[in-house]
Amino acid sequence: MDDFEPFAYTNELIPEEISKETARVFVKLETRKYNKPTTIIQFSDIKGIDIEDIAKKLKKKLACGGTAKDESIILQGDHRDKVVQYLVEMGFKQENIVMQ
């Protein structure tokens with residue numbers, strides 16, 4: 001019991017809700033191949049956040065294709081306004097979401 005540290009967190013022990021409240025999210029629009037618009041969602045800190053699950057939920061709500069790569073989500077089409085709204089509903093803070 002001597003080695004017990006109550007405030008020592010590892011990446012696996014950080015609750016997802018706390019991670020969502022502190023993570024900075026950048027939402028921007030890029031033009032890819034053949035002048036197709038794509039919405040890019042980048043996370044500054046992904047510890048404790050399941051990006052694949054968020055991508056799956058966003059694709060289902062927005063009825064579009066997309067993928068989760070590294071620390072970002074790529075969605076087909078211009079969905080910036082709706083993405084911000086859905087991220088707030090999922091538990092991210094409005095102040096931490098930056099639309100570019």
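Me: What should I know about the numbering and the model before we start?
Reply: Residues are numbered from 1 along each chain as its sequence is written, and side-chain values use heavy atoms, with hydrogens and water left out. This is a predicted model, so local features need pLDDT of at least 70 and side-chain atom pairs count only at pLDDT 80 or more, while totals for chains, interfaces and linings use all residues.

Me: How many helices and strands does the protein chain have, and in what order do the elements run?
Reply: There are 3 helices and 5 strands, and from the N terminus they go α-β-β-α-β-β-α-β. Helices here are DSSP runs of H or I with at least four residues, strands are runs of E with at least two, and both are numbered from the N terminus.

Me: What makes T39 count as buried?
Reply: Buried means under 20% relative accessible area, exposed means over 50%, and partly exposed is in between (1.4 Å probe, protein chains only). T39 has 0% relative accessibility, so it counts as buried. T39 sits in strand β2. Across the 100 residues of the protein chain, 31% are buried.

Me: And why is H79 called buried?
Reply: Its relative accessibility is 15%, and that is why H79 counts as buried. H79 is in the loop between β4 (72–76) and α3.

Me: What is H79 in contact with, leaving aside neighbours within four places in sequence?
Reply: H79 is in contact with T39, L62 and C64. Contact means heavy atoms within 4.5 Å. On the same terms, the contacts of T39 include V27, L29, I73, H79 and V83.

Me: Why is the pair of F43 and F92 called tilted?
Reply: Rings of Phe, Tyr and Trp (its six-membered ring) pair if their centres lie within 6.5 Å; planes under 30 degrees apart count as stacked, over 60 as edge-to-face and the rest as tilted. The centres of the F43 and F92 rings are 5.8 Å apart with planes at 40°, so the pair is tilted. F43 belongs to strand β2 (residues 37–43) and F92 to the loop between α3 (80–90) and β5 (97–99), 49 residues apart. The structure has 1 aromatic pair, and both F43 and F92 are buried.

Me: Which residues have the most contacts inside the largest nonpolar core?
Reply: They are I41, I73, L87 and F92, in a core of 21 residues. β1, β2, α2 (51–62), β4 and α3 each give two or more residues to this core. A nonpolar core is a set of buried Ala, Val, Leu, Ile, Met, Phe, Trp, Tyr and Cys residues joined through side-chain atoms within 4.5 Å.

Me: Which residues of α3 are buried?
Reply: V83, V84, Y86, L87 and M90. G91 comes after α3, with a positive phi near 120°.

Me: How do you know that I51 is buried?
Reply: I51 has 5% relative accessibility, so it counts as buried. I51 lies in helix α2. I51 and I73 are 22 residues apart in sequence and 7.4 Å apart in space, C-alpha to C-alpha.

Me: What makes Y34 and D70 exposed?
Reply: Y34 has a relative accessible area of 72%, so it is exposed. D70 counts as exposed because its relative accessibility is 78%. Y34 is in the loop between β1 (25–31) and β2, while D70 is in the loop between β3 (66–69) and β4. Neither backbone angle is negative: phi of Y34 is near 55°, and D70 has a positive phi of about 50° although it is not a glycine.
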